[in-house]
Amino acid sequence: MQHRLQPWLSLLLLILGGMAYVLFRPRTLLLFVVADAVGMGPWTDRLRLAASGLQPPEWVVFSAPGGLWAAAYIVLTDWLTQGRAAHWRLLAALPVPLAGAVSELMQAMGLVPGTFDVGDLVCYLLPYILYGGVRKLGVKS
């Protein structure tokens, strides 16, 4: 991938994950309380109304956003660490996918609130696994 496109791809992945929340998640989330408090409630309501006819699968609404955000972080980190050794780039790309995976496992153990979902776990880890494969193969970004 051309280096100059990576920040834009990262931003796109971040926005796509956010749109799944804005368009399809329950309006009771803290996100909407904040949106209302800063005067963006009507804007989010219009977006939700425009998408009301869409019915994406549950994994798109509940699991994919975390994977998209992890991928956004990895792509941006890869861009920021260009020219570094592959092992350094892999280490730098690890924190967000690892934090997501650990939080899911802690939910499974009842250590943090939330509902464990294997789909969430896969979506957090898959971008890192793919990135590791790309780095291992020596593919230039």
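Lys and Arg count here as positive and Asp and Glu as negative, while His and the chain ends are not counted. The place of a charge is taken as NZ of Lys, CZ of Arg, CG of Asp or CD of Glu. By that count the chain has 10 positive and 7 negative side chains, and the centres of the two sets lie 16 Å apart.

This is a predicted model, in which local features need pLDDT of at least 70 and side-chain atom pairs count only at pLDDT 80 or more, whereas totals for chains, interfaces and linings use all residues. Residues are numbered from 1 along each chain as its sequence is written, and side-chain values use heavy atoms, with hydrogens and water left out.

The chain contains eight helices and zero strands; helices (H or I, at least four residues) and strands (E, at least two) are DSSP runs, numbered from the N terminus. Its C-alpha trace spans about 45 × 40 × 25 Å along the principal axes. Of the 141 residues, 33% are buried, where buried means under 20% relative accessible area, exposed over 50%, and partly exposed in between (1.4 Å probe, protein chains only).

Four salt bridges are found in the whole structure, a salt bridge being a side-chain nitrogen of Lys or Arg within 4 Å of a carboxyl oxygen of Asp or Glu. R27, D36 and D45 are linked in a network of such bridges. R27 meets D36 at 2.8 Å, N to O, and D45 meets R27 at 2.7 Å. The latter pair joins distant parts of the chain, with D45 in helix α3 (residues 41-50) and R27 in the loop between α1 (6-24) and α2 (30-37). D36 is partly exposed because its relative accessible area is 40%.

Another salt bridge joins D78 and R135, with the closest N and O atoms 3.1 Å apart. D78 lies in helix α5 (residues 64-80) and R135 in helix α8, 57 residues apart. D78 has 3% relative accessibility and so counts as buried; R135, at 9%, is buried too.

Helix α8 (residues 118-137) gives the most to the patch, with six residues. L111 lies in the loop between α7 (95-108) and α8, and L111 counts as exposed because its relative accessibility is 56%.
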